[in-house]
Amino acid sequence: MHRKLREQESVRAYVQIIHRALQLSEAATAEISPNRPIIVSEYRTLQALVSAVKQGCSRVSDVTGEVDISLRLVSFLEETKRQTWLNMKGVLSNALLAASENLHWPMPVDYSTVSPEHRKAFEDAFHLLLDFQEIGEKLHADEDEYVRKESLYPIQALVQPLSQRFKYHFEGPRQTNKLDKPEWYFTHILNVSHEHRFFFDDVIQRLLVSTEFSDVDAWREFTCNLLPMLSRHISRTMPSLLSHPPLLAHTIYQALAFDASLREDGFSLSGTLSGRYADDIEWKGIHEVILGRKEWFDRWVEGEKAFALDRYYEILGAKDAWTITDDAAESEDTARSNNDIRPTVSARQLKSLVEQVTDRYSPLPNFTQRTRFLIDVQLPLLEGYHGRISSSLDAFESLSSSLVSAVPGALGTTSNGDTWNRGIMRLCKALVSARYISIAMEVWGEDLFFLELWTEINLKASLRARAEIHPSLPNLNNLATDPPDGTIFEELVQQYEKLVTRTEDMIVQQVCTEVETAWKAHFTSQGRDSTPHSDVSISPTLLPALSMLSSHLSVLRRTLPRANTNTVYRRIGSHLNTHILQRAILYRRPREVTDAERKALRRESELWVETCRLALPDAGDRVEVPWRRLVQAGRVLGADDEAWAQILKVSFDDLGQEEWEHKATELIHGAELSREEVRMISRTREDCTL
């Protein structure tokens, strides 16, 4: 019985407190009027009641341990107090909105055309609401949740009709509410902010000068109050966007563009009430509504990665993927870096794809999110293309041990029917593809965007940890404080350059093997061929080797950049020069070379140079450089009469090295051959008696 009586007493006290709180709430709201000075005595009484009950319930809970009832009562009273303050603010806000109608708000306001009495009514209502907010900040000085969440009351009121218009257009059944047109509502908010800027910068800013809010930037505060419309709308539409990756990506792109436009206009949280009470006044942007949630950001990255990979496989699967392009449509910077390179279609499209991905995530201000995009989306594309070229070279090596074989499907097909050139064309396609992407990465690495990203990766421990385990990123500095070395693509550039070097090696080997094979038939027929040839005729057995070399060099000149062509040519010429010199001349027995044969060898040595000169018309005198030893050997063999006697004299006499080189240069136009080699060549002539 006593227990029931106590419970009834508790319930009665509970009801009485609630009844009293509701009475005070109604009285406090009725106490506010736009036609008289602000009075908040009833609200103060309500505030004191809530505080007393809160303290009393805390003491009772500590003694009895009954927490649930006390918490529910305190929560109800706190909510009643909060709602009461909102109702009081609403009375004054409605008065301000009524006065603003005479200004034709929310249409753009031309304040100079407004009558003086309407101006006074608006300004009085505006100041009254500011006074109410000043009182509120004093009343709630110990309650951070009130102070920190509030913006300027008059501007809150003025935004209400704009919010209703936004809902009408973009949250109802109107044609303007389209999921695939996020740019419409972003542009709408930008336009509202722009068209009212003069009114807030000129009129509203002046009204704030003599108040406690003189440090507030009126336009920034107004724009800050527009942003919750976007946040609410984006959050409401996200469930539908997540199931449509293209729409999600488009919305994020538009959000980033909106943030950039607003920052460009000068918006920030500095000069707003949010910035006054915030620990960090940096505005993160509307995109943070989406990307600030990890699961939504992950879904976006997954969608972007899937799109990029689908496009990548589409590029490689095209029939013309490994066709070398004829046009040279490049941006100024890249064209200058690539010089005369003509890439394959796949290389050019891959470069465009990677740059497209960069454009998608470059507006992100968060370096962690940028790093995620780099590692998860961009690097796999470049790694995959490297692997594709490398596997094609592996296949070429395995299939071309004896014959020039095609690479099945890897580097495409060629319309050239010349079987000599098919293998070389495939290697050239691999080389220009790798070189083109390598040069593109060098240019990207020097871009400010990637330089900043690489610096942040070196400085932040979390980003360093991700970069250190990724094989396609360069090694990081030992200390995070050290300035970063190289560029973010340095490791991949080195891997691609190794592909270029490997391909050059294969081209040199392929060309030399084919030319040596063709020349071998000529070499073995020399002993059996007793038919004399005139000084201007060419041995029919030598023509296939010369023709093959000419054809290959022409292909290299047409397809490779000039620098690579020159490098490969020098290596091919040097190798063939050494091979022919040794087999045809140096390894011959003494007095084995007949008079007719030595003259033929001289003609042939010059023919190799002339063939290369015709195939590489832009090379000039550099054509002869790789062949100088063979040409000089031919001049030793072909020398007659006085020239022959002088060669014997300077080669076999005991001259100093410098004097010998000077004499040799005069006689055979160079001293690339050593004195001993000249002696060996001389002894192969049948007319040599030394």
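**Aromatic rings and their partners**

Guide: Ring pairs join F297, W300, Y361, F373, W444, F449, F450 and F489 into a cluster. The model is a predicted one, and a search of the whole structure finds 29 aromatic pairs.

Visitor: Why is the pair of W105 and F200 called edge-to-face?

Guide: The ring centres of W105 and F200 are 6.0 Å apart and their planes make an angle of 70°.

Visitor: How do you know whether W105 is buried or exposed?

Guide: Its relative accessible area is 8%, and buried means under 20%, so W105 is buried. F200, at 0%, is buried by that criterion.

Visitor: What makes the pair of Y111 and F199 tilted?

Guide: The planes of Y111 and F199 are 55° apart, with 6.1 Å centre to centre. Stacked needs under 30 degrees and edge-to-face over 60, so this pair counts as tilted. Y111 lies in the loop between helix 3 and helix 4 and F199 in helix 8, so the pair ties together parts 88 residues apart in sequence. Both residues, Y111 and F199, are buried.

Visitor: Where does the charged end of R197 sit?

Guide: The charged end of R197 sits over the ring of W219, 3.8 Å from its centre. That of R370 sits over the ring of F367, 4.7 Å from its centre.

Key
Residues are numbered from 1 along each chain as its sequence is written. This is a predicted model: local features need pLDDT of at least 70, side-chain atom pairs count only at pLDDT 80 or more; totals for chains, interfaces and linings use all residues. Side-chain values use heavy atoms; hydrogens and water are left out. Rings of Phe, Tyr and Trp (its six-membered ring) pair if their centres lie within 6.5 Å; planes under 30 degrees apart count as stacked, over 60 as edge-to-face and the rest as tilted. Buried means under 20% relative accessible area, exposed over 50%, partly exposed in between (1.4 Å probe, protein chains only). Helices (H or I, at least four residues) and strands (E, at least two) are DSSP runs, numbered from the N terminus. A charge sits over a ring if NZ of Lys or CZ of Arg is within 6 Å of the ring centre and within 35 degrees of the ring normal.
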